[in-house]
Amino acid sequence: RASSRVSRNSGARTQIQPFGYTFTVDDAMAATPTPEEGKYKDIPSILPLAPGGVYAVKWEQREKWAQCIETPEVPYEPPLGEPNPDNPLCFFEVRSGGYYLGRVVFELKADTHPITAENFVKLCEYRCYAGTMFKVFPGNWIRGGDFTELDDIVYDANDPDFFDFASLLPDPAPGGQSIYVTESGPYFDDENVDAYTHDGPGVLTMYNPGAPNCNGSQFMITFSRVEPEVLDGSHVAFGQVVEGWNVLAALEQLGDARQEGLTFQRITVEQCGVVRHGRASATGGGTAASTSVEASASASGKRRARGVRRVTSGGKKTPSKAAKFGAGRALAAR
């Protein structure tokens, strides 16, 4: 885990050169995991080397602890332009098998997409994305955010760094859901769907099952060869990667060329959270998202829970009378 990696880091670093590529590994991270760091389980670990599809494979016996490794830097510019300092930032800590690959930071465009941005921010704040896995479509995009299918090697409901779905949200919608509740369920409408184009790598966009106004928790991040016309007009682009593109570029190499989302190794969000909440809101015709939601105590007492709010097709939000996402109820009382 990230906290363990920091506390165990002695500062010593070693260069490894698998297949001629050089990587830097923290020596302290190469030690045997402590009993507190998780039970042992044999899992194959694939080391992404560099663009070109070359991998090194080894077997690991680690559950909650992964060896730190630095992925090669690749040229990258944020596709939606210079980040707005008033917009919120969220992060993922990403691992692939027994390797911790690094942190990815996203800018959420709350200045143009306040409702969509708040949904992502709150799901990160709740730790709902921790333990979720990625599907990779090389050249096109990476897809994640389905918290109904968690990585059982990493996820631990007893750990406060993970959302306790069994107690707090026992019956989530298939494929995950948003923090909002609409007349059609725990989803919300498309917001400013034509504001940005999906042109280039690093665009953060909402995933939907092919129908409009069905935004939940799942999202996609585009790769370099994505065709904008495939996503423009049907998926809401609401953010961009601002740090850690080298991590996602390495993950692209683990995707199956058949474009079925399969990967050579489990790719998991080990931790998630909010770097800053930001101060931006929509101007003009949009409806600004509130900076917070109603708080209530969760049953476990581990963390504060936020109330789900009802979103109408017009974008206006009012507090739901009975739905409290953190308290474990997905649907609002009629």
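## Close-ups: rings, core and charges

**View A. Y76 is buried, with a relative accessible area of 17%.** Buried here means under 20% relative accessible area, exposed means over 50%, and partly exposed is whatever falls in between (1.4 Å probe, protein chains only). The model is a predicted one, so local features need pLDDT of at least 70 and side-chain atom pairs count only at pLDDT 80 or more, while totals for chains, interfaces and linings use all residues. Numbering runs from 1 along each chain as its sequence is written, and side-chain values rest on heavy atoms, with hydrogens and water left out.

**View B. W245 pairs up with Y76 and with F223.** Rings of Phe, Tyr and Trp (its six-membered ring) pair if their centres lie within 6.5 Å; planes under 30 degrees apart are stacked, over 60 edge-to-face, and the rest tilted. That rule gives 19 aromatic pairs. Y76 and W245 are stacked, because their ring centres are 5.0 Å apart and their planes sit at 15°. This pair bridges 169 residues of sequence, from Y76 in the loop between β5 (67–68) and β6 (89–96) to W245 in helix α5. Helices (H or I, at least four residues) and strands (E, at least two) are DSSP runs, numbered from the N terminus. W245 is itself buried, at 8% relative accessibility. F223 sits in the loop between β12 (219–222) and α4 (228–231), so its pairing with W245 in helix α5 ties together parts 22 residues apart in sequence. F223 comes out at 0% relative accessibility, which makes it buried.

**View C. Helix α5 (residues 245–252) is tucked in.** Eight of its eight residues are buried, so the rest of the structure largely encloses this helix. Among them are W245, N246 and E252.

**View D. The largest nonpolar core holds 54 residues.** A nonpolar core is a set of buried Ala, Val, Leu, Ile, Met, Phe, Trp, Tyr and Cys residues joined through side-chain atoms within 4.5 Å. F92, F120 and I221 touch the most other members. Helix α2 (residues 114–125) supplies the largest share, six residues. Another core, of five residues, lies apart from this one and includes W141, M220, V226 and L231. Leaving aside residues up to four places away in sequence, I221 is in contact (heavy atoms within 4.5 Å) with residues including F106, W141, V241, W245 and L248. Rings also gather in one aromatic cluster made of F92, F106, F120, Y129, F134, F219 and F238.

**View E. Salt bridges number eight in this structure.** A salt bridge puts a side-chain nitrogen of Lys or Arg within 4 Å of a carboxyl oxygen of Asp or Glu. K122 and E125 make one, with the closest N and O atoms 3.2 Å apart. Both belong to helix α2, three residues apart, or about one turn, and both are buried. D151 and R266 meet at 2.7 Å, N to O. D151 is in the loop between β9 (141–144) and α3 (165–168) and R266 in the loop between α5 and β14 (267–276), so this bridge ties together parts 115 residues apart in sequence. D151 is buried at 3% relative accessible area, while R266 is partly exposed at 32%. D152 joins D151 and R266 in a salt-bridge network.
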